[in-house]
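Here are a few notes to read with the model open beside you.

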Amino acid sequence: MSEDYRSMWTDLGLDPEAHDTLLGVLGKAYGDIYLSQKDRPAGMGYFDFVMSEVHGLRIRELLNEKEAGRKIIGSYCVFVPEEIVLAANATLVGLCSGADFAMEEVEKLLPRNTCALIKSSFGFKLGKVCPYLEISDMIVGENTCDGKKKAYESLNRMVKNLYVMDLPQVKSPQGRALLKTEYDRFRSAAEKLTGFPVTAESLKESIRMVNAKRAAVHRLSSLRKADPAPISGLDALLANQVFFYDNPTRFTESVNKICDELKKRIEEKKGVFPEKTPRILLSGCPQAVPNWKLPFIVENSGAVIVGEESCVGERGTRNLTDESGKTVEEMMEAIVDRYYRVDCAIFTPNPERLEHIQEMVAAYKADGVIHYGLQFCQPYLMESMPVEKALEEKNIPCLRIETDYSMEDVGQIKTRVEAFIEQIRG
Ligand code: BJ8
């Protein structure tokens with residue numbers, strides 16, 4: 001690491017030794033999992049570069065933005081509308097929550113039976129290893145699952161700039177009204193933070209920019225319908241993960257470039273796995289960087305992942321925001337309509353999610369579904385049982401995996417995944 005980066009991290013209050021350890025682990029995992037894949041699209045080189053600079057150049061860019069007067073807003077959930085953040089002249093970044101860190105310290109503040117994602121977000125703060133968190137002028141927490149809700153009370157004692165957004169738990173007229181009230185309140189908070197009022201022009205432009213980013217991801221998803229699959233699930237997941245960190249316009253261009261390449265591959269019948277490789281849909285909890293454990297196991301057990309029903313995947317990106325509004329109020333309504341359709345398991349009841357899983361199975365010609373639940377995640381683990389039952393009634397094989405971020409269960413999961421793929425083949 002260059003001295004320049006090292007002093008940047010120290011200035012941000014990161015612990016240089018702990019940070020080096022984290023980057024070492026991240027780099028090794030990336031090398032073992034990503035760089036060892038065969039026949040990757042050349043366009044993935046961009047994402048390899050982004051990952052190698054995720055704590056380097058990207059942080060430098062964000063610091064430059066801050067120097068120029070722009071604010072950075074960090075978020076843990078896809079319910080935080082990037083459209084509003086951009087329209088208020090701020091940049092939205094996803095906050096790290098995909099690896100175990102400083103667990104001893106974390107378990108002094110959170111019960112052991114808290115999901116790995118929440119523990120990870122605390123570990124990155126307590127271990128002083130996340131530049132995105134330290135750079136953020138506002139950190140948005142949201143009242144989604146009970147674990148997050150209560151954890152934010154503790155996080156509030158560790159950071160100065162936590163903003164908590166209330167969210168509905170039921171899809172009803174009252175639920176939608178709450179979302180609208182909360183998005184209006186968030187818009188005011190973002191405006192106050194940046195000193196920039198959201199205007200019809202700025203909101204229109206930000207809706208267009210975020211829609212373009214999502215449309216590029218839709219294009220990528222759609223190309224994964226081909227057999228042989230032109231891109232691995234691991235690489236597609238990486239693009240979905242980088243969605244939360246990168247400059248929006250550059251991200252859109254980079255994904256579209258990969259899509260052009262994949263289109264050619266499909267015309268030439270070139271794939272990353274042979275034709276008729278069993279096709280798997282992953283469904284469940286979000287997989288944040290560097291949580292690549294399950295996709296790595298699946299794609300090294302003779303199957304290919306063709307879609308992610310997840311917030312780091314299609315649940316997070318599938319709907320666009322209507323661009324036709326003319327006033328701020330009309331566009332705010334369109335934003336509420338768009339986010340209100342996100343079918344997170346925190347909603348009760350949540351029939352849309354099961355419908356979406358079934359739609360995805362058909363669209364991506366998946367041979368089976370692997371439901372990914374993080375240990376102690378009540379909403380997704382509870383939903384996994386009716387999901388499995390409903391899929392099996394339709395003769396769609398389903399395997400429920402419950403795990404955390406440790407590597408201790410890799411062998412056991414691999415055995416179960418291999419048996420599942422054999423069952424599909426049979
Ligand atoms: S919209 S999925 S990003 S809340 S894994 S912390 S649910 S106990 S992450 Fe999520 Fe927003 Fe919903 Fe998506 Fe709780 Fe479960 Fe942990 Fe979770």
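Are Tyr76 and Tyr152 buried or exposed? Keep in mind that this is a predicted model.

1. Both of these tyrosines, Tyr76 and Tyr152, are buried. The structure holds 14 aromatic pairs. Tyr76 and Tyr152 form a tilted one, at 6.1 Å centre to centre with 35° between the planes. This pair links distant parts of the chain, 76 residues apart: Tyr76 is in the loop between strand 1 (71-75) and helix 5, and Tyr152 is in helix 9 (residues 146-155).

2. Have a look at the aromatic cluster too: Tyr46, Phe47, Phe243, Phe244 and Phe251 make it up. Phe243 also has Lys213 over its face, at 4.2 Å from the ring centre. Elsewhere on my list, Lys225 lies over the face of Tyr364, with 5.7 Å to the ring centre.

3. Now the peptide bonds. Most peptide bonds are trans. Asp227 and Pro228, though, are joined by a cis bond with omega about 5°, and Pro228 sits in the loop between helix 11 (200-223) and helix 12 (233-242). Thr348 and Pro349 are also joined by a cis bond, with omega about -15°; Pro349 is in the loop between helix 16 (328-340) and helix 17 (351-363).

4. Last, phi. Most residues other than glycine have a negative value. Asn89 has a positive phi, near 65°, and belongs to the loop between helix 5 (82-87) and strand 2 (90-94). Lys365 has a positive phi as well, near 50°, in the loop between helix 17 and strand 7 (368-374). With a relative accessible area of 52%, Lys365 counts as exposed, because the cut-off for that is over 50%.

Terms used
Residues numbered from 1 in each chain as written. Predicted model: local features only at pLDDT ≥ 70, side-chain atom pairs only at ≥ 80, totals over all residues. Heavy atoms only, no water. Helix = DSSP H or I, 4+ residues; strand = E, 2+ residues; numbered from the N terminus. Buried < 20%, exposed > 50% of the residue type's maximum accessible area, 1.4 Å probe, protein only. Phe/Tyr/Trp six-rings, centres within 6.5 Å; stacked < 30°, edge-to-face > 60°. Lys NZ or Arg CZ within 6 Å of the ring centre and 35° of its normal.
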